[in-house]
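Me: Got a model open here. Can we walk through the aromatic contacts together?

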Amino acid sequence: MSEFTHHWKLTRNPSDDEWDHIKTLANALMAFCPDTTAKGMPLHGNLITYTTVRGIEKDVPVDHDNPALIDLTLDGVEAIQFNGAEPMACEAFSMPRCTDEQSVDTHARPYDDLVLGLFILIEDAIPDLLSVDSPAELGDWEAGLRAARCVDPTARLSTALVSLGSDKAVLADQQLHIDRPASLDFTR
C-alpha cells in the first residue's frame, strides 16, 4: 500500500470561538457524511473515534446521530480524532488545538475524503488558519469537497489548499455540484 501522508498545522492558536466552530464542523461532517465515498466505498457507519478512559485511549464507533469526535489526547490537549473502522483503518487523524505540525498517512482509504473535507471546511470558514501540504490530486480534493458540501453546500475548494494551480482548483469547484438532501439542514 502506498503512502498518502497529509501534513498540516494551525498557523496560529485559534480563538475559543474559532475552535468551537471547528469542532462543530468536524462533528457535522461525521453526522452528514455521505454513505459512500466518491469511489463507492462504504463510509457512513465505518468510522471510529477515540476516548480516554482511566488514561487508556480506546476506539469507539462514530455515532453519526450524535458524533463526539472531541477528546483530550494522552498529552491533555483537546483534539478532533477519527479513523476508518477495520479493515479500512490506517493512521488516526488527530487535529489537536495547537500549532505543532501534524501528519496522517491515510493510504487514501475511505476516511481520507473526510480528512480533506475537514481541511476544506476549515479553510472556507477561517481562511489562513490552516497550512496544508498534501499529495492529494484534483480527484482526491473533489472527493473531499463532496464530503464538505454535505455540511455546507457553499463550501469552496480553495487554491490555498490545493497546489494544482488556481485554474484547476477553480475548474474543480465550478464542475462539482452536489445536492444535499433538505433533511440535512446545517447552519453555521
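Me: How many aromatic pairs does a search of the whole structure find?
Reply: Four. Rings of Phe, Tyr and Trp (its six-membered ring) pair if their centres lie within 6.5 Å; planes under 30 degrees apart count as stacked, over 60 as edge-to-face and the rest as tilted.

Me: Trp8 and Phe93: how are their planes set?
Reply: At 25°, with the ring centres 4.9 Å apart, so this pair is stacked. Trp8 sits in strand β1 (residues 5-10) and Phe93 in strand β6 (residues 93-96), so the pair ties together parts 85 residues apart in sequence. Strands (E, at least two residues) and helices (H or I, at least four) are DSSP runs, numbered from the N terminus.

Me: And Phe82 with Phe93?
Reply: Their planes are at 40° and their centres 4.9 Å apart, so that pair is tilted. Phe82 is in strand β5 (residues 78-84).

Me: Is Phe82 buried or exposed?
Reply: Buried, at 1% relative accessibility. Phe93 is buried too, at 0%. Buried means under 20% relative accessible area, exposed over 50%, partly exposed in between (1.4 Å probe, protein chains only).

Me: Which residues do ring pairs link into a cluster?
Reply: Trp8, Phe82, Phe93 and Phe119.

Me: New topic. Where is Ala28?
Reply: In helix α1 (residues 16-31). Ala28 is buried, at 5% relative accessibility. Its C-alpha lies 9.6 Å from that of Asp65, 37 residues away along the chain.

Me: What's behind these values?
Reply: This is a predicted model: local features need pLDDT of at least 70, side-chain atom pairs count only at pLDDT 80 or more, and totals for chains, interfaces and linings use all residues. Residues are numbered from 1 along each chain as its sequence is written, and side-chain values use heavy atoms, with hydrogens and water left out.
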